[in-house]
Amino acid sequence: MVNKVLIANRGEIAIRVMRACREMGIASVAVYSEADKDALFAKYADQAYCIGPPPATQSYLNIQRLIEVARESGADAIHPGYGFLAENPKFARACEEEGIKFIGPSSRVLELMGDKVAARREMVNAGIPVVPGTDECVADFEQARAIAKKIEYPVIIKPSGGGGGIGMTIVANEGELAKALESTQAIAQTTFGLCDVYIEKYLANPRHIEFQLLGDSKGNAIHLGERECSIQRRHQKLIEESPSAAVTAAMRTKMGKLAANAAKLVGYEGAGTMEFLFSGGRFYFLEVNARVQVEHPVTEMVTGVDIVKEQIRIASGLPLSIRQEEIRMNGSAIECRINAEDPLNDFVPTPGKIKSYHSPGGTGIRVDSGVYTSYTIPPFYDPMISKLIVWGRDRSEAITRMRRALYEYVIVGIKNNIPFHKAVMENPRFMKGELGTHFIEHETTLIEDMKRIIEREKPLEEKLSHLFEEKKRIAAIATVAAVNQLALKTQRINSA
Ligand code: MV4
């Protein structure tokens with residue numbers, strides 16, 4: 001087993017990894033930028049090193065500095081978390097060359113999965129269904145025209161070096177093709193340093209469903225079922241759940257087996273996700289995310305598997321601690337990403353000081369966060385405050401529990417997206433499980449719903465504002481709970 005892990009990340013995911021380390025008797029090393037000197041993760045770690053100025057390029061993305069700190073601190077492994085350097089083959093290779101375990105797939109696999117056209121080809125060979133489209137990069141307009149004509153419009157042009165939706169262009173007809181091809185190639189070049197693009201049939205309002213995979217160095221690969229992440233905005237997921245309301249047990253078994261088998265075929269070591277679009281009852285492969293994902297806790301809640309511990313075991317050369325036959329999906333879990341952003345002002349980021357903070361608790365609740373009362377969320381990184389995850393015996397219980405938790409949550413000082421989550425948890429189509437990647441833009445009442453919810457709480461807030469001094473916090477929270485009980489009753493009457 002590894003002895004000491006350097007976490008090359010920040011915020012809640014850094015703490016998530018350190019918690020796994022602590023339970024496994026492994027020491028943890030935090031690295032933090034000057035903007036994060038007061039962050040919880042830097043205090044939680046056994047050791048902490050400042051690695052540079054606030055901009056990520058000068059701190060969390062500085063490969064040389066990270067390797068240097070690993071050596072200096074005596075860390076024998078690096079966990080990259082998500083984002084930053086998590087899927088960077090150069091970073092994985094630098095670790096490999098230094099004899100430091102990179103907790104993730106090999107640089108070879110990261111390179112393969114980073115090239116979306118190559119990954120697509122690999123999956124076709126493994127028998128995974130893909131969206132109709134090209135198996136090579138599109139060289140010129142004539143080739144693009146022929147392909148688009150064959151698969152029929154609308155089509156979507158994607159950068160091969162990309163992923164996560166950046167730079168993609170939807171093309172409705174041949175008249176738009178030339179311009180779209182040019183602009184996608186330009187974005188691909190400037191953003192990913194590679195002008196290669198590929199074309200797929202465009203699916204109108206698919207669901208986004210992904211399978212959680214684990215592969216070890218002994219050639220074992222298993223799946224932990226799926227997550228549905230259709231509720232997203234500008235490629236930022238906001239709500240994720242497991243299982244998906246659209247996936248039957250038979251579909252799960254079939255796709256899960258295919259996905260795990262594909263992971264085995266490419267020699268995948270570590271935790272990973274296979275992303276699919278789901279439309280008309282069928283799965284279409286999109287891409288592989290070769291990292292632990294933000295939304296991994298919903299899978300942990302329904303399977304009981306600690307995904308980060310498995311990552312550390314795998315990197316240590318140990319076999320997976322569970323077999324496929326032992327995996328059971330128990331109940332239903334939902335995650336709401338609680339962000340410092342204003343849902344009534346186009347979701348603009350609202351970093352700043354949290355004056356008062358009380359997170360929900362009780363049965364079936366998990367809060368993964370890196371904040372505390374009086375903490376100031378810096379403006380340099382993503383504005384996530386926490387992940388609120390709930391478990392219920394079924395989807396309906398998970399939704400009512402999520403509502404209860406959202407109404408317990410007290411965040412004073414910065415605008416946040418809790419009203420958005422409250423509105424979705426009351427949305428009739430969400431409650432029926434009728435989801436799609438265009439859910440937010442299609443649900444045109446969400447803005448009014450949020451305003452109504454905020455209005456409903458106004459009298460309460462006026463009552464509370466003078467109470468929000470540190471000493472009276474507990475009383476304030478009790479009042480919140482009581483008034484919110486009222487809000488929930490109103491809600492039940494409305495829906496009856
Ligand atoms: C698609 C698609 C429709 N058809 N591919 C977005 C995230 C990235 N992983 C893949 N994405 C999509 N791929 C095909 N063949 C729809 C999306 C998509 C999307 C694309 C462009 C702009 C906004 C979008 C929002 C959700 C999903």
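How exposed is His235, in relative accessibility? I looked it up: His235 counts as partly exposed, at 48% relative accessibility. Buried is under 20% relative accessible area, exposed is over 50%, and partly exposed lies in between, with a 1.4 Å probe and protein chains only.

I note the basis. This is a predicted model, in which local features need pLDDT of at least 70, side-chain atom pairs count only at pLDDT 80 or more, and totals for chains, interfaces and linings use all residues. Residues are numbered from 1 along each chain as its sequence is written, and side-chain values use heavy atoms, without hydrogens and water.

**Backbone angles.** I checked phi next. His235 has a positive phi near 65° and is not a glycine. His235 sits in the loop between strand S10 (221-233) and S11. Helices (H or I, at least four residues) and strands (E, at least two) are DSSP runs, numbered from the N terminus. Asp346 also has a positive phi, about 55°. I place Asp346 in the loop between strand S15 (341-342) and strand S16 (348-349). Asp346 is partly exposed at 47% relative accessible area.

**Cis bonds.** I found Tyr153 and Pro154 joined by a cis peptide bond, omega about -5°. Pro154 lies in the loop between helix H7 (141-151) and strand S6 (155-159). The bond from Ser242 to Pro243 is cis, omega near -5°. Most residues other than glycine have a negative phi, and most peptide bonds are trans.

**Sheet.** I traced five strands in an open, parallel sheet, ordered S3-S2-S1-S4-S5. Strands S3 (47-52) and S5 (101-102) are at the edges with a single partner strand each, so one side of each lacks a neighbour in the sheet. Pairing requires at least two DSSP bridges between two strands.
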